[in-house]
Amino acid sequence: MENEVKLAAGAMVSLAVATAALVVMPYIQVRDVVPPEGLKPYTSAELRGRAVYIANGCVYCHTQQPRDRNLGPDHERGWGRASVPGDYFYDKPHLLGSMRTGPDLFNIGARQPSKDWHLGHLYQPRAYAPGSIMPAYPFLFEVKDAAEPGDEVVNLPPGAGPFGRVVVARPEALDLVKYMQGLNHTYPVLPPPPKVAAGTAAPLPADAAPAAAY
């Protein structure tokens, strides 16, 4: 009986420590996070596109969390600065991802702002990146003999589309592209350093003690 009590007590202590370390402390760290000044809420079209992104499993192959340059080559790859908690203020749920079968998309809207490129890449990735293993998403498009008024015709490279017909983007494809075009986190997240007039010393922090005179 004594061993059973010790076992139960040990299990409860272990659970309490794990909960404090993995739930309570992270919550305390991010509960007061506010969005950076340059971060804008998603539009209704971007929210619909985000749902398409989730439904088609894009998060399984793409991350949205560039690492610090001291932790990996993400900055050299052109993926942008390391992300901070405020960048995800409007993301519910967040789409950090855990696999990089494809490149990180945290700043894909800044790296590739072209709507035509995104639509064509979704329809046939290998027409834009030879050897790509990304699946095509033809069900997000419609092939027609001729475009109708209001249709968004996809401008594909020669030979990438059906001969003598046109490829038209469905609303889901257009919303998904708007979401990816909105993934632009190039705004600064730290305030600029204070300007110091010529001939004057930079102000000391409020908690800094003055240097001793010798």
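Gly86 touches Val33, Val34, Pro35, Pro36 and Leu39, leaving aside residues up to four places away in sequence; a contact here means heavy atoms within 4.5 Å. The model is a predicted one, where local features need pLDDT of at least 70, side-chain atom pairs count only at pLDDT 80 or more, and totals for chains, interfaces and linings use all residues. Numbering starts from 1 along each chain as its sequence is written, and side-chain values use heavy atoms, with hydrogens and water left out. Gly86 sits in the loop between helix H2 (44-55) and H3. Its C-alpha atom is 5.8 Å from that of Val34, although the two residues are 52 residues apart along the chain. Gly86 counts as buried because its relative accessibility is 7%, the cut-off for buried being under 20% relative accessible area with a 1.4 Å probe and protein chains only.

As for the overall build, the protein chain has five helices and two strands, in the order α-α-α-α-β-β-α from the N terminus on. These are DSSP runs, with helices (H or I) of at least four residues and strands (E) of at least two. Of the 214 residues, 27% are buried. Among contacts with a separation of 6 or more, 67% join residues 24 or more positions apart.

Helix H4 comes next. His118, Leu119, Gly120, His121, Leu122 and Tyr123 are its buried residues, and their cover includes H3, strand S1 (141-144), strand S2 (166-169) and H5. The N-terminal end of H4 is capped by Ser114, with a side-chain oxygen 3.4 Å from the backbone nitrogen of Asp116.

H4 turns up again at the largest pocket, giving four residues, the largest share of the lining. A pocket is an open set of points on a 1 Å grid over the protein atoms alone, where a 1.4 Å probe fits and protein lies on both sides within 12 Å along at least five of seven lines; lining residues have an atom within 4 Å of a point. The largest pocket holds about 510 Å³ of space, a volume being the space filled by probe spheres set on the points. Its lining has 24 residues, with His62, Gly102, Pro103, His121 and Met134 closest to the centre. That lining splits into 16 nonpolar, seven polar and one charged.

The second largest pocket has a volume of about 160 Å³. Leu39, Lys40, Tyr42, Gly182 and His185 lie nearest its centre, out of 14 lining residues. Leu39 is also one of the residues touched by Gly86.

Key: Nonpolar A, V, L, I, M, F, W, Y, C, P; charged D, E, K, R; others polar. Buried < 20%, exposed > 50% of the residue type's maximum accessible area, 1.4 Å probe, protein only. Polar contact = N/O pair within 3.5 Å; in protein donor to acceptor, adjacent residues only side chain to side chain.
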